[in-house]
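Keep the viewer open and follow along.

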Amino acid sequence: MPELPEAETIARELDGTLTSRVVCGVSLLRADVFRGDRGALAGLVGQRVEKSARRGKRVTVQFEGGERLVFALGMSGRLAVVSADAKVEVHTHLRVGFDGGVELRFCDPRRFGGVYLFAKGAAVVGERLGALGPEPLEISAQAFHGLLDRRRQIKALLMDQAVIAGLGNIYADEALHRAGVHPMRLGAELSEVERRALWRGMRSVLRAAIKHRGTTLVDYRDPDGAPGSFQRKHRVYRRDGQPCRTCGVMIDKIVANGRSTHFCPQCQALGE
DNA sequence: CGCATTTCCTGGAGGC
DNA sequence: TGCCTCCAGGAAATGC
C-alpha cells in the first residue's frame, strides 16, 4: 500500500524519466478509475511534462500548460514506465504514451485508487480526493503539536489525511513505536515531550523509508518494477509475535481506528 | 465532535 | 485439485 515514502520514490523516478516528454496518446481502458472530464484527458496529447511530484500519498504529473494528472494509488495502485510495446498487464486501467516510445501505465487490481485531471489553477479536490493536511516532513514541531490537540486516538489522527498528509497504516505504527506512544492514547493527552518524540519519530521513519525506496509487502513496485526494502527495517508492522527490536518483549497486534495495529506493550505502555 | 460500521474490490491464504 | 470463505486496507458515507 503506497504511503508517502513509496509515492516519493515513484514521483522522483517519474520526474527523471518523463520530464520534457510530450504526450502522443492516451488510452483509458477502464473508465471508472478516471474521475474527471474524459475529453480533457484526450486533450493531453501534445502536452509536454514539466515535472512530477508528490503531495501526501498522491503522485502528480504536471504539464507545461498547467494541467495536472493526479494519481491516488489506493492500496494496490502501481505506476510503471515501460516501452510502448511491452505486454499490457491485467488490471491496467490507463496508458499514457510519450515520445521516445515510452509509456506510463496505471495498474490497480483492487481499484481503490483513482486518476484525476485538473485544469490549470484548479483546486486538487474531487470525488474520494479530500483536502490534505500539512506535509509531515515540512511541518514544524510547534505546528505539529497543535494538530494533536484533540480528544481522538493518536493513531486515527496520524492516519487522517486532512490532519497530516501521507501516513498510512505502516508508517503510523512505525512512528508511534519510535516515539514510545501507545496507538490508543488520545492526542490531547500527550505531553509536550511525547508530541516532540512523535514528531521526530514520524520524520525519521519517513526519511529512512524513502532512503530504502519504500516498503514492499505484496504489491508495491516502483515505476521500474523494483520493490522497496524498508520492510526489513520495520520495528512493529506485521511483526506481531516477534520480539521487539528495542526491548525484546513480544510485539502485540490489536485493532485501532478499524485497522490492524502493531505495537510493543513495553516500549509503548498505556501508562496509568 | 468522535467513533464504529459499512462500502468499494481482488488476490492470497486457509479450511475442507 | 478445486471450491468456498475470510481478510486486508484507503477513504468516504452513515448512523449513533
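Let's settle one term before we start: a salt bridge here is a side-chain nitrogen of Lys or Arg within 4 Å of a carboxyl oxygen of Asp or Glu. Keep in mind, too, that this is a predicted model. With that cut-off, the structure holds 15 salt bridges. Some of them join up: Glu8, Arg12, Arg54, Arg55 and Glu135 are linked in a network of salt bridges.

Arginine 12 pairs with glutamate 8, and their closest N and O atoms are 2.8 Å apart. Both residues sit in helix α1, four residues apart, which is about one turn of the helix. And is glutamate 8 buried or exposed? Its relative accessible area is 16%, and the cut-off for buried is under 20%, so glutamate 8 counts as buried.

Now for a pair with a longer reach along the chain. Glutamate 189 and arginine 151 meet through their side chains in a salt bridge, at 3.2 Å from N to O. Glutamate 189 is in the loop between α5 (169-179) and α6, while arginine 151 is in the loop between α3 (141-147) and α4 (154-159), so this pair ties together parts that are 38 residues apart in sequence. As for accessibility, arginine 151 is exposed at 61%, whereas glutamate 189 is partly exposed at 45%.

Next, zoom out to the domains. The assignment for chain A gives domain 1 (4-118) and domain 2 (141-263). Their C-alpha centres lie 28 Å apart, and the contact takes 19 residues from domain 1 and 18 residues from domain 2.

How much area is buried between domain 1 and domain 2? About 1600 Å², with carbon and sulfur atoms giving 59% of it. On the domain 1 side, Pro5, Glu6 and Glu13 supply 33% of the area buried against domain 2, more than any other three residues.

What about specific interactions across that boundary? Seven residue pairs are in polar contact between domain 1 and domain 2, counting pairs with both residues at pLDDT 80 or more. On the side of domain 1 that touches domain 2, the elements giving two or more residues are α1 (4-18) and β5 (78-83). The largest share, nine residues, comes from α1. By type, the residues on this side divide into eight nonpolar, three polar and eight charged.

The count of salt bridges between the two domains is one. Look at glutamate 13 and arginine 213: their side chains meet in a salt bridge, 2.6 Å from N to O. Arginine 213 also forms a salt bridge with aspartate 222, where the closest N and O atoms are 2.6 Å apart. Aspartate 222 is buried, at 3% relative accessibility, while arginine 213 is partly exposed at 37%.

One last stop is serine 229. Where is it placed? You'll find serine 229 in the loop between α6 (192-211) and β9 (252-256). With a relative accessible area of 16%, serine 229 is buried. Leaving out residues up to four places away in sequence, serine 229 touches His212 and Gly214.

Key. Residues numbered from 1 in each chain as written. Chains lettered and ligands numbered in written order. Predicted model: local features only at pLDDT ≥ 70, side-chain atom pairs only at ≥ 80, totals over all residues. Heavy atoms only, no water. Buried < 20%, exposed > 50% of the residue type's maximum accessible area, 1.4 Å probe, protein only. Contact = heavy atoms within 4.5 Å. Domains from an automatic or database assignment. Buried area = accessible area lost by both parts, 1.4 Å probe. Polar contact = N/O pair within 3.5 Å; in protein donor to acceptor, adjacent residues only side chain to side chain. Nonpolar A, V, L, I, M, F, W, Y, C, P; charged D, E, K, R; others polar.
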